[in-house]
Amino acid sequence: MNQEIHFRDALLLPIWKKVQEGERLSHEDGRTLFRTNDVLSLGKMAHFVQKNRSGDAVYFVLNQKIEPTNVCVLSCKFCNFAVKQGDAGAYEMTIAEMLAKLTPDIHEVHMTGGLHPDWPWEYYLEMMRKIHMNFPNLDIKAFTAVEIDFFHRKFKLSIKEVLHELKEAGMRTMPGGGAEVFSERVRKELFPQKIGAGPWLDIHRAAHELGIPSNATILYGHIETIDERLDHLIKLRGLQDETGGFLSFIPLAFQPGDTGIKPREQFTSAIDDLKMIAVSRLMLDNFPHIKAYWVMLTEEVASVALNFGADDMDGTVGGERIAHDAGAISPSSMAKDQLIKIIRDAGKIPVERDIYYNPINLYTKNVVGKIPYLNSVPFYENIERRQFKILPVTPRRMGVLSASGMLDAGLFSLVNYLQQQERLEMLEYCIATRDQVKSVLLFSNHGWHDLEGKTIGIIDDTATSVMLLKILLQKRYGVRTVFKRMNSGVNDYSEFDAVLLIGDEALRSRKNGLAGFEIVYDLATEWYQWKKLPFVFAVWAVQSTVPQDRKNELQDILQQSLRRAEENVTAVGTSHAKRIGLSADETVEYLEGFNYRIGKRERLSIERFQELLLELERIEQL
Ligand code: SF4
């Protein structure tokens with residue numbers, strides 16, 4: 001995607017070059033970004049990164065906040081929420097009261113609160129269990145690192161034991177609060193009893209290792225310096241390099257309220273808020289999402305932030321108290337329609353999501369799905385500059401959205417296309433391999449024949465690769481196994497005998513190795529050795545109801561994109577490849593291993609695969 005920016009601040013030019021080439025920004029670059037007065041160019045650079053990562057999508061979730069108690073053993077200087085037991089306004093919710101706040105339409109409950117002096121450990125676990133039992137489709141995001149550390153010390157459990165027991169009880173992810181800003185100076189001054197950077201990062205690392213993804217925040221706009229903000233971002237970026245377990249980053253604007261740290265009227269300016277969002281997007285090159293938390297930013301600033309690097313609006317946020325007790329002027333919840341309108345007005349696709357950022361509903365038309373893996377990049381370089389709206393989405397989700405008529409076109413997983421043949425028209429393009437794919441891999445501890453009866457973890461992103469694996473196991477090797485779904489993102493693989501990974505995650509693990517697994521099988525190689533045919537993983541298709549002129553337009557764009565990619569193969573996907581640690585040569589070699597046009601052999605391979613799928617279904621029905 002090319003974009004011209006007319007810079008007023010020449011100091012931004014070398015940074016822009018780095019951004020376009022996918023190079024990591026330094027602390028010094030961050031300083032230049034914070035200091036610039038060329039705010040629009042800063043926003044455009046961040047928007048460039050945002051579009052590369054998220055296309056035109058802006059996510060929101062139907063969520064409810066529950067703050068179980070405001071009674072807290074600590075007294076942080078900036079906190080207007082906490083009180084002591086017996087104080088006026090102190091409250092302690094029963095589990096029945098918590099359940100009464102939830103409804104089946106909500107997808108996420110966000111639970112944080114005071115550190116209660118008397119509640120027993122069992123009460124926290126019971127909260128998780130009861131919510132999970134009564135609302136099984138609701139994902140629980142609960143407890144900041146400060147709360148986890150409090151449980152660890154109070155109940156004499158290790159951090160991992162605390163997290164593991166909460167996970168078993170139903171907790172899915174962790175919110176990002178409690179870090180405030182990673183500066184010992186600020187911590188000593190404002191919240192000396194709270195944990196510092198080291199323990200906060202250790203707790204999130206432990207969560208990621210246990211397969212609990214988390215989020216991260218920064219509280220800015222109080223006494224912190226620009227350098228302290230940048231240190232904070234760089235520390236988070238380092239942990240994300242290690243674990244890949246952060247889902248989003250949320251800059252939280254400090255609300256002065258009656259804290260006495262700053263006069264009540266000295267809230268952050270809109271320029272400072274937008275700069276914070278944009279710099280976060282540019283510095284945190286390995287974070288999937290940056291959130292414009294409208295509760296603290298106000299609706300107006302959050303809406304501008306959607307063109308300054310933010311791709312998430314949080315959600316409807318029923319029941320928020322912490323920010324409002326500190327003086328936030330936004331309403332305490334927002335209707336879904338209002339969120340959708342704000343996102344649409346910013347020229348984006350409103351995407352209702354679940355806790356893992358899987359799209360559930362789209363609230364706009366003319367959307368083209370984009371597989372967010374390196375191997376599909378050659379198709380999209382040209383689309384980005386046309387009128388189509390682009391939604392990056394995993395192959396499996398693309399199938400689900402298409403089945404409910406929410407996508408006009410996309411690069412569909414072959415299985416999804418075959419399931420929806422009646423409503424989809426296949427175009428001339430595909431993702432097929434020659435003899436190896438390098439990004440659909442089974443990491444195993446056993447040879448094929450020894451996998452009998454074993455448990456294989458499969459990533460929730462893929463339909464075709466899972467069916468290909470099943471066919472290879474059952475039809476080629478005569479082996480039956482148990483498949484268990486995993487979420488994309490962080491996972492604890494220790495319970496599996498083998499795991500199937502696809503896309504960028506597979507490429508990364510192929511290069512760096514996957515701890516605990518010795519053998520790596522490339523499924524395309526297996527297919528090729530067996531059938532002497534390339535394997536077709538995905539095909540371009542468009543809904544039959546789309547007008548013919550738009551179908552033609554799409555076909556033209558794809559053709560042009562591929563031609564440009566083939567003419568300039570060394571420049572394709574370089575910034576994307578850098579994100580997963582591939583060199584320029586490795587990227588060229590990887591992309592050259594694909595065939596992007598459907599020919600005779602690809603059609604034959606699709607037929608063979610379809611026959612085997614039918615046989616497999618017949619066997620499974622017996
Ligand atoms: S910020 Fe959190 S830990 Fe500190 S006083 Fe408030 S509720 Fe307690």
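Predicted model: local features only at pLDDT ≥ 70, side-chain atom pairs only at ≥ 80, totals over all residues.
Six strands make an open sheet with mixed pairing, and their order reads 13-12-14-21-15-22. The edges belong to strand 13 (389-392) and strand 22 (594-597); each of these has a single partner strand, so one side of each is left without a neighbour in the sheet. On average, neighbouring strands here are turned by 25° against each other, direction ignored. As a bit of background, strands in a sheet pair through backbone hydrogen bonds, and the pairing can be parallel or antiparallel. In this sheet, strand 12 (residues 367-370) runs parallel to its partner strand 14 (residues 409-413), and two bridges join the pair. To put residues on the strands, G369 sits opposite G410 of strand 14.

Turning to the helices, helix 2 spans residues 27-35, and its buried residues are D29, G30, L33 and F34. Looking down the axis of helix 2, these buried residues fall within an arc of 135°, so they line one face of the helix. And what lies over them? The cover on the buried residues of helix 2 includes helix 1 (13-20), helix 3 (39-54), helix 10 (226-243) and helix 11 (270-283).

Finally, two loop residues have backbone angles worth a look. F143 is not a glycine, yet its phi is positive, at about 70°. This residue is found in the loop that links strand 4 (139-142) to helix 6 (145-154). With a relative accessibility of 2%, F143 falls under the 20% cut-off and so counts as buried. N366 is not a glycine either, and it has a positive phi of about 55°. Its loop lies between strand 11 (359-362) and strand 12, the latter being the strand that pairs with strand 14 in the sheet described above. As for solvent, N366 has a relative accessible area of 36% and is therefore partly exposed. Side by side, then, F143 is buried, whereas N366 is partly exposed.

Terms used: Residues numbered from 1 in each chain as written. Heavy atoms only, no water. Pairing = 2+ DSSP bridges. Helix = DSSP H or I, 4+ residues; strand = E, 2+ residues; numbered from the N terminus. Axes fitted to C-alpha atoms, helices over the stretch in contact; angles between N-to-C directions. Buried < 20%, exposed > 50% of the residue type's maximum accessible area, 1.4 Å probe, protein only. Arc of directions from axis to C-beta. Contact = heavy atoms within 4.5 Å.
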